[in-house]
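Please look through the structure below with its sequence beside it, and keep both in view while you read. The paragraphs that follow go from single residues to the parts around them.

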Amino acid sequence: MPYEAGTYDVIVVGAGHAGVEAGLAAARLGAKTLMLTINLDMVAFMPCNPSVGGPAKGIVVREIDALGGEMGRNIDKTHIQMRMLNTGKGPAVRALRAQADKFLYQQEMKKTIENEENLDLVQGLVERLIIEDGACKGVITQTGAAYYSKTVVITTGTFLRGEIILGELKYSSGPNNQQPSIKLSEHLEELGFDLVRFKTGTPPRVHSETIDYSKTEIQPGDDVPRAFSYETTKFITDQLPCWLTYTSEVTHQIIDDNLHRSPMYSGMIKGTGPRYCPSIEDKVVRFHDKPRHQIFLEPEGRNTHEVYVQGLSTSLPEDVQKKVLASIPGLENVQMMRAGYAIEYDSVVPTQLWPTLETKKVPNLYTAGQINGTSGYEEAAGQGLMAGINAGLKALEKEELILSRSDAYIGVLIDDLVTKGTNEPYRLLTSRAEYRLLLRHDNADLRLTEKGYEIGMIKEERYSKFLQKKAAIESELERLKSIFIKPTAEVQELIVSKGGSELKDGIRASDLLKRPEMGYEQIQQLVPSDSEIASDVSEQVEIQIKYEGYIEKSLQQVEKLKKMENKKIPENIDYDAINGLASEARQKLKEVRPLSVAQASRISGVNPADTSILLVYLEQGKIARLSQ
Amino acid sequence: MNLEQIFYKIVFCSKIFHKRDEDMEFDTITAISTPMGEGAIAIVRLSGDEALAIADKIYKGRSAKRLSEVASHTIHYGHLIDPKTEKVVEEVMISVMRGPKTFTREDVVEINCHGGLVSVNRVLQLVLANGARLAEPGEFTKRAFLNGRIDLSQAEAVMDLIRAKTDRAMNVALGQMEGRLSKLIRALRQEILETLAHVEVNIDYPEYDDVEEMTHGIFMERASHVKSELERLLRTSEQGKILREGLSTVIIGRPNVGKSSLLNSLVHENKAIVTDIPGTTRDVIEEYVNVRGVPLRLLDTAGIRETEDIVERIGVERSRAVLKEADLILLVLNNSDELTVEDEQLFQITEDMDVIVIINKMDLPSKINIDKVKELAKERPIVTTSLLEDQGVDELEEAISSLFFAGSLEAGDMTYVSNSRHIALISQALNAITDAMEAIEAGTPIDLVQIDFTRTWELLGEIIGDSVHESLIDQLFSQFCLGK
């Protein structure tokens, strides 16, 4: 018999990257929050790559930070190396990536959670939800603890009916040999949720002292101090390098010879794996002509010799993995500390969710992270944050927060999931964002701080600093747009020295900055500002002026999108009553139940004619109401 | 009466005129609103807030008054000028109708121009290039409804109309999609997609070292190839037009050389397809004849009948410009006269055009210097006729047909674009790729150049009804071996 263990506003099931953001967000909004995890020692654990960020993902981390989330701050405190990627490209695709000390990362996160007001962190395996009148009212754990709450967020990662596969071996398990969550999965099925089986994998780990680094290339971090969080002021300068090596012809031969023992090819693995994260056996089979594949050796922390072998994700039998490792230059005598493995797990078909991440079937129940069919810590954290925010807002009876595709990568991610679903573990890519020039890494604060402040995630002090920065950007933009530069000898000399052609006439400072050879630095040299301009301000000014034309174009598109976003579809719409909808569109609309015409138009199978018909139908309803 | 007209009628019986709320404003759309290739006049209609502003960008009237300043429901004569090249595109009449007393309740501009696919498309392109968007099937009616112009009871009919128009457009499109055009577009899109995937892999996997970094040089190479393919496709739209509309043909020659006889024998020998299209507002008369499978559209024949000397009438430069518009020129000489300065002038102004030289009145004693004619004609065919005795017409027809079929045109085995929607989309795609190339020249970062490159891909996708973004991601992972 369950016993009453407590009452909360919000309960978060799971304490991985989605769970911690969800719990912290709800608590920071002022909701009394409980976080339940199967194992207290595994809070914010990185079962795979010890790294945070990268293209698109790194921007998500910044967005999380701008909304008052924790991932950015935590990695800033615990990384072993940080790099800015794509510095040679345009501003839209620059991104930070950090290698984490995965143990420190966990410790820091756990400490933050423990110190957070309104937040209780408790060990417990949730087996059932408490459902009353069709809505979720709490959870019951394996030990019979019944916790009551207004909303519940499930962030179970790969634990749902998890099964580890390693060669011929297959056993029930969560990631890293954790206890899996089996009953909850069955319970979700009972409640009528559509579940789907996905698969992912991880490479072996090896002992650092058995690696011959002389046969590899060093991959150091940046010399410049970097940080994800807009609040970070202390930078880590002591960085550890990563190392690069390659598979060899021998590696590929070993894999070819042992394919019959690979669960991927023997049919033992049934789940759908991600294409962007293929196992080494997959790469060798699909790209047979490629003579070698990159292997990055990444330290898992400062206080360990374990090294993550990036590029070698595999579910081949343990003995084959050892042979494969030994065939790689630098790893000839390596000691394998853990074998790689594949893991299959249940996830919820995400089109069953509203854009708030609340389930359509069971009100007050939210899901976030890998359970929604994504992969990656950042994707999980972004969803966790939004689910936590919305579960908290609902518990506090406040209005929901939905980010649009033009607000944030997080908006793109969630909209893709709930509108289109996914048939493989979903990863964010910059190409998924149609407004990527607007969703830059450098302007996440400008895009989101306001929203974070409005709901209470951003504190007064940070907000006033943000307003100061915003004002500084505005005034500097104004200044450069109003000031004229005359073609004096000094000016011409500077332009020519930068490889540009001489001015024929006077020119606005902002127009001169638009020239490809000119940077903010040169403009500042020609027409210095009276006041000190901070580097994050000048960066904004430079980007906003230099790419004004493209930014303007994107903004116009967003304007159009917004109009369609504002055309709301009532929840009780009867798609069967609309004549002229194509049958595929009708069926998809009934399934997804889009909130706006814009969302409807993004459903695959809903074509422009269907969208038009929907618009006309909605307008008809509006007129009907007016005339009553 | 079609549905749209019905809606027009019920406008004033409509009981409910709900206001245009702020979210009701739309972008400005445009479409050709007359049936294709059938009338002497065609109308390109614009509707939306920017309709007048767009028209003003391209219109130059007799008076200095801008269209945005004229009274509502008035019509104006003038020319369309391409603001980029500052060249005259068309001679037009423009109706200005301000909302809300219009079909859509928005500002509406109707550009009346010469009928025929090419001229009307040129107008459409110009409008599109200056800020309008191509309307979707039934969109004008949809707006009429959404802006409260149409009674509630008509909503069903509006939805039916959208469905029917879309289906019909799709059918037409599908009809044209069969065969080579769709293959060509697909191949071109695939090529663009591979380049896009290449750029994306550089962005999303910056450490992936097996693929060369996309440089401005490589990008430029790919873009210029796409551009030349698009230009080629657009040129075929001219060929498509020839098959659809006929080879526009002009007969020139001094007075009394037999131009009218030539016209008459071409028309009588061959069954005229269309005669005397009622020149409701313009006195252009066109004759359509079918010469051995080659459709000829004999232009400005009224002028010829009056046997006026074109050069004398409008001057050398102007006549050159007029003749340039023609696909084929029949230059008639008189066998029984010596070559005159006017004759030589005709050769001069038709230099580098497709000309068949006809020496008529072979029944009369010859005074013409045949060698001199050959010299003037250069490589172009010469046919001798006696139209009075019905001699040589067969040879002339043979010459026309071989000129047509010997060229790049292969009637049976041709990829050509004639659907105006497709032409519009291809032209827009061409503009997008041109923007991309200009951006490359300016040294813009590749991921920004990509914006216009992607746009090219999307526009081509609209032609074949396929703009699913997912395919880029599919391409990325099938083209490159990526992962942890």
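Ala18(A) is buried in this predicted model, with a relative accessible area of 5%, where buried means under 20% relative accessible area, exposed means over 50%, and partly exposed lies in between (1.4 Å probe, protein chains only). Ala18(A) belongs to helix H1 (residues 17–28) of chain A; helices (H or I, at least four residues) and strands (E, at least two) are DSSP runs, numbered from the N terminus. Leaving aside neighbours within four places in sequence, Ala18(A) is in contact with Thr155(A), Ala368(A), Gly369(A), Ala380(A), Ala381(A) and Gly384(A), contact meaning heavy atoms within 4.5 Å.

An unreviewed UniProt entry lists Ala18(A) under "binding site", together with other residues including Gly14(A), Ser181(A) and Gln370(A); such positions are given in the numbering used here, feature names are shortened, and annotations may be inferred rather than shown by experiment. Ser181(A) sits in the loop between strand E13 (169–172) and helix H5 (183–190) of chain A, and at 4% relative accessibility it also counts as buried. Among the residues that Ser181(A) touches, not counting those up to four places away in sequence, are Ile38(A), Val126(A) and Phe159(A).

As for the numbering and the limits of the model, residues are numbered from 1 along each chain as its sequence is written, while chains are lettered from A and ligands numbered from 1 in the order in which they are written. Because the model is predicted, local features need pLDDT of at least 70 and side-chain atom pairs count only at pLDDT 80 or more, whereas totals for chains, interfaces and linings use all residues, and side-chain values use heavy atoms, with hydrogens and water left out.

The largest nonpolar core has 71 residues, and Ile389(A) is one of those with the most contacts inside it; such a core is a set of buried Ala, Val, Leu, Ile, Met, Phe, Trp, Tyr and Cys residues joined through side-chain atoms within 4.5 Å. Helix H10 (residues 377–395) of chain A gives the largest share of this core, ten residues.

After H12(A) comes Gly456(A), whose phi is positive, near 100°.

In chain B, the peptide bond from Gly99(B) to Pro100(B) is cis, with omega near 5°.
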